[in-house]
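Below is a short report on a protein structure. Look at the sequence and the model first, then read the sections in order.

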Amino acid sequence: MAAAISALNAKIRSQPVLNYFCSTHFWGPASNFGIPIAAVLDTQKDPDIISGRMTTALLLYSGTFMRYALAVSPKNYLLFACHFVNFGAQSTQGYRYLQYWNFGGKEAALQDKAKAEARKIGADGKELVEEAKEGAQGIVDQAKAKAGELKAKVAK
């Protein structure tokens with residue numbers, strides 16, 4: 001059994017593509033790509049939930065490992081790409097964090113939310129006014145009909 005495994009390993013290692021696919025130079029970055037994927041998806045979420053400390057830590061982490069990926073031999077371009085994407089996404093998150101908490105983004109978001117709510121309330125109020133007018137018109141029409149009936153009875 002050990003001979004069969006050894007032969008299979010030798011066959012895999014003799015083919016460059018399979019050798020790369022079975023190495024940590026491939027599987028390390030491939031499994032690490034969850035971090036930048038999550039970071040890119042987080043750029044669509046509310047900036048209120050961004051952690052400034054974690055964003056800074058991930059920026060330093062990605063910057064360090066981008067350098068590491070090019071310092072090892074052979075250079076690991078897949079690892080570099082993984083951390084390059086993460087560095088970009090974390091930079092975006094850092095900008096969003098600073099914009100929201102330090103440069104008036106929170107106040108602007110609250111103003112926008114208040115304006116949207118005011119527009120909604122105004123639209124609801126207009127609908128209520130229209131319904132009230134229609135209801136009042138219906139009552140006026142019923143009163144005119146009753147008055148006409150009473151006038152006809154009195155005229156007899």
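## Surface patch

Val40, Phe84 and Val85 make up a nonpolar patch on the surface, and their accessible area together is about 260 Å². Such areas come from the Shrake-Rupley method with a 1.4 Å probe, and for residues only the protein chains shown count as cover. Patches are built from residues with over 30% relative accessible area and no salt bridge; like charges are joined within 9 Å, and nonpolar side chains (Val, Leu, Ile, Met, Phe, Trp, Tyr) within 5 Å.

Val85 has 35% relative accessibility and therefore counts as partly exposed (buried is under 20% relative accessible area, exposed is over 50%, partly exposed is in between, with a 1.4 Å probe and protein chains only).

## Source of the model

The model is predicted: local features need pLDDT of at least 70, side-chain atom pairs count only at pLDDT 80 or more, and totals for chains, interfaces and linings use all residues. Residues are numbered from 1 along each chain as its sequence is written, and side-chain values use heavy atoms, with hydrogens and water left out.

## Salt bridge

A salt bridge is a side-chain nitrogen of Lys or Arg within 4 Å of a carboxyl oxygen of Asp or Glu. The count by this rule is one. Asp42 and Lys45 form a salt bridge through their side chains, at 3.3 Å from N to O. Asp42 is partly exposed, at 30% relative accessibility, and Lys45 is partly exposed at 44%.

## Helix packing

Val85 is part of helix α6 (residues 77-101). Helix α5 (residues 52-71) packs with α6 at an angle of about 155°, and their axes are 8 Å apart.

Terms used
Helix = DSSP H or I, 4+ residues; strand = E, 2+ residues; numbered from the N terminus. Axes fitted to C-alpha atoms, helices over the stretch in contact; angles between N-to-C directions.
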